[in-house]
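Here is a short briefing to read with the structure open beside you. Take it one topic at a time and find each residue as you go.

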Amino acid sequence: MTVADDGRQGFELFGKDTFDLVITDIWMPNMDGFELLRSIKKINPEADIVIITGFADVESSIKALRLGASNYLLKPLNLEELSFSVDSIHKKQMMVQRLAEQEARLIQVGKMADLGLVAAGVAHEINNPNAFIRGNAQTLQKFWKVIDPFLNEAMEAGIDAPSGLDFIIREMPPLINSLLEGTNRIKKIVEATASFTRYNEAFYFQPVDINQCVKDAVHCLNASETGLQLELEPELKPVSGIRADMVEVITELLKNSNEATRNRDCPDIRIRTSQPNPDIIKVEIEDNGTGIKAEHENRIFTPFFSTDPKIGHPGLGLTKVFALVRGFGGDVYFKSSEGKGAIFTVKLPVYHKEGQTDGIADR
Amino acid sequence: MELLIVDDETEILNMLRRHFEMDGFEVTLATGPLEAIELVKDKLFNLVLTDLKMPKMSGIELMREIKRINPLANVIMMTGYSNMSTVVECMGAGAVDYFVKPFNDLEALTLALEQARDRVIRWRLAMGANP
């Protein structure tokens with residue numbers, strides 16, 4: 001709380017810091033309450049201002065409210081009334097902030113869905129050419145196996161070979177391998193992208209033991225020694241989804257945490273499972289790594305976005321997590337403070353016998 | 001042994017023709033299901049390798065049509081899409097094998113074709129026909 005003696009000082013202070021609420025008198029020297037209200041609203045139209053006055057006249061109260069005052073209270077002050085007013089303004093502000101966050105998330109989800117479709121479409125178009133490049137490279141390899149010994153024999157027999165033939169003979173196998181390696185890499189990207197289009201397989205959803213998935217993922221990554229702690233709530237209800245994909249979700253999140261804590265002296269990664277309510281299972285993966293930069297927060301689920309671009313790592317891991325979890329009718333989000341670590345939360349619907357579960361994304 | 005390959009992508013067709021001719025198959029190519037059906041009516045192909053997603057008619061419908069004309073035909077499916085439901089659907093409709101493009105190893109496809117070829121030969125022998 002900061003106190004100002006008059007309107008002008010109040011206005012100067014307002015410009016220097018961020019205030020959630022301003023409480024002001026009307027009749028003050030230098031700058032009166034109306035002027036202060038008007039000036040503050042010019043800087044921040046969303047600012048909440050409560051006017052207090054000893055003069056109860058209808059005209060000034062209307063004026064104050066028209067200028068955007070949140071409330072208009074009379075002296076002598078009823079403190080209960082004031083704290084009620086402050087309280088409801090606080091609640092309103094929280095709600096506005098939550099709505100803004102929700103809106104941002106919805107926009108993000110919409111963008112992701114579009115990007116997912118585009119990526120899946122591109123992947124599909126790339127798949128066919130990649131298939132015939134790969135197939136031809138394999139056939140070339142097969143052809144070369146016939147030509148190679150024949151040429152070698154001819155060289156040994158001392159034929160009049162064109163210059164550089166020995167070079168070609170030597171370079172051909174690695175050349176073909178390089179072709180195959182390239183197509184293999186494309187294939188992996190296409191496969192990862194294909195997971196965006198797996199949305200409508202609810203028919204195949206099975207009850208999945210999420211604790212077991214966590215253990216499998218840890219086992220897969222050989223991650224048991226990296227300062228990893230499991231806090232798995234026993235006897236959780238099964239979640240609804242596809243087991244292999246569920247393991248993949250955890251694996252990708254673990255890889256992400258491993259990457260973030262790579263340069264930490266004491267990496268600390270924790271995986272918690274719990275059931276906050278009868279319909280939802282929660283998995284949290286927390287690390288003390290580098291955290292997520294504020295400017296990256298809106299992009300980390302975006303296809304092909306990577307904070308550490310490396311060959312062979314196209315930046316699809318978290319996108320896959322997002323697509324799979326949403327596909328299961330769940331939700332995934334994160335909290336992070338840059339430099340201190342991040343916590344990813346995955347919420348998954350509990351499996352019900354009828355197979356179909358409602359999405360929990362909007363809850 | 002005669003092999004019919006169906007795919008709407010001609011470069012895939014050429015690539016497969018090169019590979020399987022090298023393996024000793026007599027390869028005929030069709031760029032679509034309708035062309036394939038005409039070919040099958042003309043000559044009873046016992047080995048068919050077909051793409052799954054094609055314009056006008058899917059690989060599964062093509063397989064049903066081929067098997068109506070020639071119940072002995074061994075049909076192998078190939079597709080750029082792999083999910084459980086399509087594999088189950090293809091195998092249920094009578095495909096003898098299923099491969100995902102791009103092929104990890106074309107030799108595995110050769111092996112599947114050779115197995116199918118041997119099966120056709122055994123059937124023909126069992127029926128007293130000239131293999």
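In chain B, L3(B) stands opposite V27(B), a residue of strand β2(B). This is a predicted model, in which local features need pLDDT of at least 70 and side-chain atom pairs count only at pLDDT 80 or more, while totals for chains, interfaces and linings use all residues. Residues are numbered from 1 along each chain as its sequence is written, chains are lettered from A and ligands numbered from 1 in the order in which they are written, and side-chain values use heavy atoms, with hydrogens and water left out.

**Strands and layout of chain B**

- Five bridges join β1(B) to strand β2 (residues 26–30) of chain B, and the two run parallel; two strands pair if DSSP finds at least two bridges between them.
- Strand β1 (residues 2–6) of chain B is largely enclosed by the rest of the structure, because four of its five residues are buried.
- Here, buried means under 20% relative accessible area, exposed means over 50%, and partly exposed is in between (1.4 Å probe, protein chains only).
- Chain B has five helices and five strands; helices (H or I, at least four residues) and strands (E, at least two) are DSSP runs, numbered from the N terminus.
- Follow chain B along its sequence and you will read the pattern β-α-β-α-β-α-β-α-β-α.
- Chain B has 131 residues, and 46% of them count as buried.

**Aromatic rings in chain A**

- How many aromatic pairs does the structure hold over all chains? There are six.
- The rings of F14(A) and F19(A) are stacked, because their centres are 6.3 Å apart and their planes are at 25 degrees.
- To pair, rings of Phe, Tyr and Trp (its six-membered ring) need centres within 6.5 Å; planes under 30 degrees apart count as stacked, over 60 as edge-to-face and the rest as tilted.
- F14(A) is buried, at a relative accessible area of 7%, whereas F19(A) is partly exposed, at 25%.
- F334(A) and F344(A) form a tilted pair, with 5.5 Å from centre to centre and 40 degrees between the planes.
- That pair links distant parts of the chain: F334(A) is in strand β9 (residues 331–337) of chain A and F344(A) is in strand β10 (residues 341–349) of chain A, 10 residues apart.
- Both F334(A) and F344(A) are buried, and they belong to one aromatic cluster together with F301(A) and F322(A).
- The charged end of K63(A) sits over the ring of F34(A), 4.3 Å from its centre; this label needs NZ of Lys or CZ of Arg within 6 Å of the ring centre and within 35 degrees of the ring normal.

**The largest pocket**

- The largest pocket has a volume of about 1,200 Å³.
- On a 1 Å grid over the protein atoms alone, a pocket is an open set of points where a 1.4 Å probe fits, with protein on both sides within 12 Å along at least five of seven lines; lining residues have an atom within 4 Å of a point.
- For the volume, grid points are joined across faces, edges and corners, and the space filled by probe spheres set on the points is taken.
- Which residues lie nearest the centre of the largest pocket? Among its 37 lining residues, they are N256(A), E259(A), S306(A), D308(A) and G315(A).
- α5(A) gives the most to this lining, with six residues.
- By class, the lining has 11 nonpolar, 13 polar and 13 charged residues; Ala, Val, Leu, Ile, Met, Phe, Trp, Tyr, Cys and Pro count as nonpolar, Asp, Glu, Lys and Arg as charged, and the others, Gly among them, as polar.
- D308(A) is in the loop between β8 (280–287) and α8 of chain A, and is partly exposed, with a relative accessible area of 30%.
- D308(A) and E259(A) are 49 residues apart in sequence and 9.4 Å apart in space, C-alpha to C-alpha.

**Backbone details**

- Most residues other than glycine have a negative phi, and most peptide bonds are trans.
- A cis peptide bond joins K75(A) and P76(A), with omega about -5 degrees.
- Another cis peptide bond joins K101(B) and P102(B), with omega about -5 degrees.
- E235(A) is not a glycine, yet has a positive phi of about 55 degrees; E235(A) is exposed, at 81% relative accessible area.
- K56(B) is not a glycine either, and has a positive phi of about 75 degrees; K56(B) counts as exposed, at 79% relative accessibility.
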